[in-house]
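Please look through the sequence and the model below before reading on.

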Amino acid sequence: MNASNDLRDAFNQIPPVTRWLFASAVVVTGLSVLNIISPNTFIFYLPLIVQRLQLWRLVTNFVYCGMGLRAAFNLYFIFKYSSDLEQTQFAGKTADYVWFLLLMMISQLFFGWWFTFVILSDALIMSLVYLWAQRNRDVTVTFMFGLRFKALYLPFVLTAYDLLLMGSMGRNVLGIVTAHAYYFLTDVYPASGGPRLLSTPSFLTRSLPNQGVTRGGFSASGVHMTAPRHAREPPKTSGVFTGKSRRLGS
């Protein structure tokens, strides 16, 4: 009973948007891994969406994380990077974070249809990584085998690593491009004197109360994060991603 309560308390402590994103990914991926529902039920396939109104496919393809070790690490990436963004960059800005995710999903659905990508979870994850990296570019990360570089380069290192393992990087590139467009229009362009073109719609700010608590420290699967010297904390370590599995649709 205590274990159940502890698990529930731990789940409730996850930032609200990340909580539902991560829980959806666990459920959808788990149903597939356990062979309860076929992965084909979750993919982005426009004819079935339009002709048979299988609208859930517009969302489930973003939270289906694959099979085997790939699924485990994708789930971990969603949890870590989404939590970090929601509790730091979007702290007290729940509606802004939801708007960011919606923009990423809508734009990636369009390009996913254009390039016939049926699973877009890698694109969404890379968008989280890219935005985190841009807004924490002075953080030093240590990747596999002791390779050290600034967080700014993390999305590109992960993409290259994915290319070596999978022979494909199209979804990662899509995630980087869409997140860069968001970053440019919300950070770079307004800072140079231009207007903020992607302001959060008022219906979201009215509907979603601000939640979340800021926290320090950075960590992610397969990398060790070191904060800048003026704000450094005791180092943390995490597992190294060495899994290799095939993606649906690749």
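In which sense, left-handed or right-handed, does α6 cross α9? In this predicted model, α6 passes α9 in a right-handed crossing. Helix α6 covers residues 94-115 and helix α9 covers residues 170-191, and the two pack with their axes 10 Å apart at an angle of about 135°. Since angles over 145 degrees would count as roughly antiparallel and those from 65 to 115 as roughly perpendicular, this angle makes α6 oblique to α9. On the side of α6, the contact is made by D96, F100, L103, M104, S107, Q108, F111 and G112, while α9 contributes L174, G175, T178, A179 and Y182.

Helix α6 itself is made of 22 residues, and from its first C-alpha to its last it reaches 31 Å, which is close to the 32 Å expected at 1.5 Å a residue. After α6 comes T116, a residue whose phi is positive, near 55°.

Helix α6 also packs with α7, and here the axes come within 10 Å and cross at roughly 135°. The helices α6 and α7 are therefore oblique to each other, and α6 passes α7 in a right-handed crossing. The contact brings together Y97, F100, L101, M104, M105 and Q108 of α6 with A123, L124, S127, L128 and L131 of α7. Among the residues of this contact of α6 with α7, nine are nonpolar, two are polar and none is charged.

Helix α7 takes part in another link as well. The structure holds three salt bridges, and in one of them the side chains of R70 and D122 meet at 3.5 Å, N to O. This pair links distant parts of the chain, for R70 lies in helix α5 (residues 68-89) and D122 in helix α7 (residues 121-135), 52 residues apart.

Methods: Residues are numbered from 1 along each chain as its sequence is written. This is a predicted model: local features need pLDDT of at least 70, side-chain atom pairs count only at pLDDT 80 or more; totals for chains, interfaces and linings use all residues. Side-chain values use heavy atoms; hydrogens and water are left out. Axes are lines fitted to C-alpha atoms, for helices over the stretch in contact, and angles run from 0 to 180 degrees between N-to-C directions. Helices (H or I, at least four residues) and strands (E, at least two) are DSSP runs, numbered from the N terminus. Angles under 35 degrees count as roughly parallel, over 145 as roughly antiparallel, 65 to 115 as roughly perpendicular and the rest as oblique. A crossing is left-handed if the near helix is turned anticlockwise from the far one by less than a right angle, and right-handed if clockwise. Contact means heavy atoms within 4.5 Å. The expected span of a helix is 1.5 Å times one less than its number of residues. A salt bridge is a side-chain nitrogen of Lys or Arg within 4 Å of a carboxyl oxygen of Asp or Glu. Ala, Val, Leu, Ile, Met, Phe, Trp, Tyr, Cys and Pro count as nonpolar, Asp, Glu, Lys and Arg as charged, and the others, Gly among them, as polar.
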